[in-house]
Amino acid sequence: MDADALKKLLAAPAALPPNGTTADFEHPPNRNGLAWVVTTLCMVIATICLLIRVYARVWLERRVSIEEVMMFCAYGAYWGTAYAAYALIYTPGYYVHTWNLTNGDLVHPLYLILIYGCCYSVVLPLLKTAILLDWCRVFVPGKRLKSGFWWACCGLSSFQLLWGVLCILLLNMQCRPHNAIWEFYVPSKCYDLTKVMLSSACVQVITDVFMVLLPQRIIWGLHLNWQKKFGVSVIFGVGILALVAACFRLDHTVTFSKTADRMYFIGPLLFWACAEMTCGFFILSTPCLPKILAESGLSSKVKNFLGLSVKSTGDSNSNVNYGSKFSARSGSRQPSKSGIGTDTYFEIGEDGVPMGNFDKSESQEQLQVAHPRKGKNEVHMTRTTQVITTGDSASGHSSPVDDPTPWSRHPAV
């Protein structure tokens, strides 16, 4: 094809407009604003999820495993999809009908779509394999070869990796020579790629279903109450988000394969593919959230805000610290504010007198005043107690014991 014929071909309309519609080659209607929002939002969420995982594993646990390496590789490929997605905003734009484009307007978009597809085929297998390996560390810490869960994860991971490699090969071998994939005017031999796209979408939906169901059997078999089982099930069940995105992507892939206006329907297809990849980063970071919340103390603050925490009061018997002279706060080794321990003493009578708290005795109050604390390490006597055994009519004795046995506690530090 000579230069003039090629120039004429590239200037021709890419498709004929419907009856009653006039093609607009200068300023075709588009929805590029939506593309900016969706792509940027997905990038921000994926980046935050990556930072959460890095903070929990590298900073808090001081370790780097193969899952983190795979996540970083997937994140690099994810930026490849972001580059293609942003570039498509400028040429030709999102939700632009094919009849508003010339043949020359299709060359660069076809190249960007190829980049997007190859990077997508790298991101999802790496993320899903990292997720499955992470689950194996959690649910199968011991003898893995005897665990059906471990073998199922290995099978899914291997299949995902092989399928990703196969998709990349098929994408790049759809035309001979290779540049004919986007330079459609070059004499070549090509095959229809829609069957590969439909197969890829179906594979991702099926694997997402398995990944949602796989950990649930182990979780609901744990020796925990149902509330804790439900909480763990939710953490490891967020894969349903990726399943939803994969289902929408499959639906739009079917629509894309049946229409001639493919440049218009490629937009929503890429949106759901981006959402599917972003869900993968979210799923991989979710198991790290409880540890981060525990380290930050945010969970206890939330419980206090909601009124779920149990606070100690002077008259309450529900939070008594038996036999301890330290305050009732968990892990605290500080004496109570009164200077006297939070010991609680009870009297059980033989006539069925109910248990009750004794108030602070007068001698204790006098000791507190007479021996103020002058320093943290000063040795002083907190109290001296004399026990006298007496008879009671209920026990059959009528006179007190003549020789009471006094005893005293050793001084407490």
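Begin the tour by selecting α4, which supplies the largest share of the lining of the second largest pocket, 7 residues. Helices here are DSSP runs (H or I, at least four residues), numbered from the N terminus. The structure is a predicted model, in which local features need pLDDT of at least 70 and side-chain atom pairs count only at pLDDT 80 or more, while totals for chains, interfaces and linings use all residues. Residues are numbered from 1 along each chain as its sequence is written, and side-chain values use heavy atoms, with hydrogens and water left out.

**The pocket**

A pocket is an open set of points on a 1 Å grid over the protein atoms alone where a 1.4 Å probe fits, with protein on both sides within 12 Å along at least five of seven lines; lining residues have an atom within 4 Å of a point. The volume of the second largest pocket is about 890 Å³, taken as the space filled by probe spheres set on the points. Next select L110, I113, L193, M197 and F256, which are the closest to the pocket centre of the 35 lining residues. By class, the lining holds 25 nonpolar, 7 polar and 3 charged residues.

Now select D208 and K128, whose side chains meet in a salt bridge (2.8 Å, N to O). This pair links distant parts of the chain, with D208 in helix α6 and K128 in helix α4, 80 residues apart. A salt bridge requires a side-chain nitrogen of Lys or Arg within 4 Å of a carboxyl oxygen of Asp or Glu, and the count by this rule is 7. D208 is buried at 4% relative accessibility, and K128 is buried at 5%. Buried means under 20% relative accessible area, exposed over 50%, and partly exposed in between (1.4 Å probe, protein chains only).

**A salt-bridge network**

Then select R53, R57, E61, R63, E68 and D134, which salt bridges with shared partners join into one network. Within this selection, R57 pairs with E61, their closest N and O atoms being 3.0 Å apart. E61 also meets R63 in a salt bridge (2.8 Å, N to O). R57 is buried, with a relative accessible area of 7%, whereas E61 is partly exposed at 26% and R63 is partly exposed at 32%.

**Final stop**

Finish at F248, in helix α9, which is partly exposed with a relative accessible area of 38%.

Key:
Helix = DSSP H or I, 4+ residues; strand = E, 2+ residues; numbered from the N terminus. Nonpolar A, V, L, I, M, F, W, Y, C, P; charged D, E, K, R; others polar.
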